Structure formats: C-alpha cells, structure tokens
Protein chains: 2
Amino acid sequence: MSLLITGSIGIDTVETPYGKVTDVIGGTAIYSSLAAVPYGPVRLVGVVGEDFPDGALAPLQSREIDLAGLERRAGSKTFRWTGKYEGAMNEAQTVDVSLNVLAEAGAKVPAAFADSRTVFLANTHPTLQRDMLAQVRDPWTVVCDTMNLWIENERASLLETLAKVTGVILNDGEARMLTGVVNVIEAGTAILSMGPEFVVIKKGEHGAILMTADAVVAMPALPTREVRDPTGAGDSFAGGFLGYLNTQPTRDLAVLKRSVARGTVAASFTIEDFSIRRLVDLTREQIEERVKSFLEMLRVE
Amino acid sequence: MSLLITGSIGIDTVETPYGKVTDVIGGTAIYSSLAAVPYGPVRLVGVVGEDFPDGALAPLQSREIDLAGLERRAGSKTFRWTGKYEGAMNEAQTVDVSLNVLAEAGAKVPAAFADSRTVFLANTHPTLQRDMLAQVRDPWTVVCDTMNLWIENERASLLETLAKVTGVILNDGEARMLTGVVNVIEAGTAILSMGPEFVVIKKGEHGAILMTADAVVAMPALPTREVRDPTGAGDSFAGGFLGYLNTQPTRDLAVLKRSVARGTVAASFTIEDFSIRRLVDLTREQIEERVKSFLEMLRVE
C-alpha cells in the first residue's frame, strides 16, 4: 500500500500575529508527507538545492518517509518562500518568493518507487506533474493539486494533467479561476467534466466540499480557537486525505468522506503551531481521537 | 407550544443576476414566520404603515400565522428596502432603505399572546426588543437577532437585551463587530459571557456555528447550485431553528443541533427563488425530506 508524494520542498520564513519563524523547512511535499505518514510509509520525491541545511530533514528521517527520491542538486538553490498572515489570517501574503530549483527540471522517480499504489502530485508545473506520473507504472489512485500560476499561464498543460488523474484537491479560489464559474458546486461539476472521478474543494476555515458524479458533500472545518500559523494547512489536508485513502481497498463515497474527515483533522493540527512543529510527532492515535470528536460533532440525532 | 415572532415587516425590491422583484413582502418577521409555521402556529407581532398593500398578507393568512398582533398604523409608512446582489451574491448591497414605521414606537403584544412559550425577537432596536419581551409573561426560550446599526450605536441597550435572552442568532460579521474579536469561536465565547445560554453564528453559504458553555458545533450549509435570491436566508434560518425548537421539551445540545439542521434547510429553500415564493407552500414533509439528505451527507461511517 505504497504512497508516493511529490511536490515542493522549501525554506520558509513566516510571520503571523503569534510570532515569526525564519528559514524553516516547508513546501507542499513536506506538509503532505508528514500528514500522511501516520497511516503508513511515504515515498517522497523532490529536489532541493545545495544550500539546503543538513539538519532540516531530521524530522522526516525520524518518521517512515523514504527520502531515496530526494535530490540535492549541485549548483542549484532551494525554493524559498517568505509569507505573512494578518487579521483573520485567511490568506497568506507572499512577501518574497524565489522558485530557484523549482524552475528547473523535475525530480526523477526512483525505480524502486515505480510500483506506488497511490500518487499525490502536489502543486508544481502541470507538465512536470505528468512527467512524474509517467514514471509510475500502474497506480491505483492519482491525485493532483494546482495553483493560480498554472491555471493562468499553463492551462492547456493543466487540462492534460487533469485528464490523467483520479482526483483533484484545490481551493475554492482556484476552482473558480479554473472554471470561470462563481458558484463553487457548479465549478466542481465543471472540474469533474475535465476528467477526474472526484474533486475536493477546500475552503480554509469554512471546510471542504467533496464532489463525485453522483454526490456533493459539504463538511465544516474543525472549529479552532487559536490559529497560530495557517501555512501548510491545505497540504496537510491533502496528506491526511491521501494517507488514509491509501489504506483503503476502494474509493467509494463512504471512503472518500472518511478521507475528507482525516484531511480536515490533519489541517486542524497543522495550524495550531508554526511550520511543521505540530505534525512532527503526530501519531495515528492522536489523529483518530480528534476524528472521533469531529464525527461526534457532525452527528445529529 | 406557542411561538411568538416579532420583527420587521417590509416592502422589498430586490435585484440579483437571476432577475428582479419589485414591491414584494419581506422583512425579518415575515421570513422567520413562514419558515417556522410548518412546525406549528405562529403569532406574528409587527407594524406596517397605511400604504401596506391589502393582498400582501394573503400568503400569511393561508398558513397558521395569527395576525392579531399586526398593527396597520394610520399616518405611517411601511419599512422599505431596495437591495442588489452581484457576483457570488455573498452580501446584499443596500440601494435604498426607508425605516419609516420602524423608527416609531414598537408594536403592542396582544394580551392573548402573553402566554407564548417561545419568543423570537428578530432584529430591531434593542430597547424595543426588551419592551416587547416585557409583554410576555414567562417564556421558556427567548432568542434575539441584531445588526451592525445597534451594535455600533446602541451598545449599552443591546447588552441589556443580551442579558435577558436564552439565545442569540447573528452572523459572523456581527459577532466580530459585537465582540471586537476576529476568531469566530472566541467571538462566540465572548457573546456567551454576555448572558445567553447559546449562540448561533451564521456564515451564509459556509454554514453555521452553534456554541454553548460546553460545546462548539460547526455545520455546513446545504450545497446549493442555483442561488436565485439570498434575501431572507438568515431570517429563514432563525425561523426554522425556532419553529423546530419550540416543538421540543428541552433545549439540550442534541435538540439545538437538530434545530440548526432545520434552520439550515429552511435557508436552503428560501434562496432557491425570489422573495418568500419558496416558503409560501412549504410543508413539514418537504422540510424533513431535505433534512434527511442533509443528515445523510453529514454521516461519515
């Protein structure tokens, strides 16, 4: 039941009303891998530059995250992001971003990872997403994420990627931008018509909407009093969703709903502290305890 | 099990991307009464002017809504609101508003209504809300709504009202404005400290959050593809919530959660068509059928 995750690995500097962290490990692949690993081993594929600090990988090495697909590229620099959250902290303001190695060739998937059952193509150039996917033999489930940059500038390539995946996880703004449709349910229907079997539209503190050809399921987020750093919440959602999904024999609606609940809970942990701090030691027991109270909250009887 | 509802009764003109209605019946008391009446008789208290069109009350007269508390005041004019929704229709733009009779003395509660078990003080001046409440002998449950105008200009009076009610239903912007707290859960806690036993914070298309001293419950809205006119959604939520609650022997958490589900479903009907059209003939059977699919959507197993 192997899960391959590929996406960005970066060095983040983040400031929120609760404090600031400087030069900490971040990126879509890092958050999603740490959120997925309580469910079983994760195979990480990504590229960093030669400036990547040695000790930064320690939190991954202490978990069942296989780093054989992590390339440290000589002569290149690691992706860097500096962001800031203010007020209700609904949206990150990008203070500075340097794509660096992310603007170069993608990572190579190790031969030993080619039999992966589930693949998460976290946000990167849609052509790189397909290159990556082509190196995996016959995956059961493939899910991708995307962002405004590719929706605006690489639409044709993105549509090719969407035609090849089982599911898409993206946020409401991206769903609207991709489809040109304001109503988020109609946007979901339009995305399903592009190929995927399911779509999950994330709405941050307002929860998520799961859609298949036959169903529309809205779920709230976990009510959280103290959001210290929202960075990585969406990637943690995807990681929790995929980590759980990969443990399942099928992906019927009941399974997908349970996966959304796990994604929701993963995100609720991430935002409680800066960077990856809250995920580093997170156990499946801690997750399931919170899932239990989440489902109890949703129970109306 | 009598339910008294008091609030504004108005003449609305509303334009949305789906069309326009001119001089139709509206107001908080109208929407909430129509949303509550499928659960049992409603006692309506409110004031209109002598310009109020005779036929406009027909939809209320065809239901179990007792209009003995409806005053048609000679020499006064009915409250009028002209509004517009654009794009995602999340927020009404007020094009024109004339308080008219709402700026005068409040309505008198008929002696026959003084034994009401449940009272909904829909949005009006907080001093009028207390005047109204003083005319009811010993109600089991009293819920109020409010708005930015009173939060900003009549804070002391509003706090007096909040100290006298069992519950408050308001939207997230109002909750933040009332408390000065950005995080909506913290805002809810601050409101509970003002007196009420429960608070429901409405978030429009993103659902609602119910809070008591011991519980925080987030619920999504019903995913809706075609929102034709959001006018009255929040008042319908309150009406469905209170109509159901009034049928119950207690107001423990399980009851309040079921009431939120009914409020959510009431709002989902209202927004499907202009003005009160969708509510006029709505039956309890139609409501319960939709409640069933709402609860099925929330079931994760």
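**Note on the predicted two-chain model**

1. Helix 9 of chain A has 18 residues and reaches 26 Å from its first C-alpha to its last, close to the 26 Å expected at 1.5 Å a residue. The expected span is 1.5 Å times one less than the number of residues. Helices (H or I, at least four residues) and strands (E, at least two) are DSSP runs, numbered from the N terminus. Of the 18 residues in this helix, 16 are buried, so helix 9 of chain A is largely enclosed by the rest of the structure. Buried means under 20% relative accessible area, exposed over 50%, and partly exposed in between (1.4 Å probe, protein chains only).

2. A word on the basis. This is a predicted model, where local features need pLDDT of at least 70, side-chain atom pairs count only at pLDDT 80 or more, and totals for chains, interfaces and linings use all residues; side-chain values use heavy atoms, without hydrogens and water. Residues are numbered from 1 along each chain as its sequence is written, and chains are lettered from A and ligands numbered from 1 in the order in which they are written.

3. Helix 10 of chain B covers residues 284-298. Its buried residues are Ile287(B), Arg290(B), Val291(B), Phe294(B), Leu295(B), Met297(B) and Leu298(B).

4. The largest nonpolar core has 200 residues. Such a core is a set of buried Ala, Val, Leu, Ile, Met, Phe, Trp, Tyr and Cys residues joined through side-chain atoms within 4.5 Å. Those with the most contacts inside it are Leu60, Phe241 and Phe294 of chain A, and Leu60, Phe241 and Phe294 of chain B. Not counting residues up to four places away in sequence, Phe241(A) touches several residues, among them Ile169(A), Phe198(A), Leu256(A) and Val260(A). Contact means heavy atoms within 4.5 Å.

5. Ser236(B) lies in helix 8 (residues 233-245) of chain B. Ser236(B) is buried, with a relative accessible area of 0%. Leaving aside neighbours within four places in sequence, its contacts include Tyr31(B), Gly263(B), Thr270(B) and Leu279(B).
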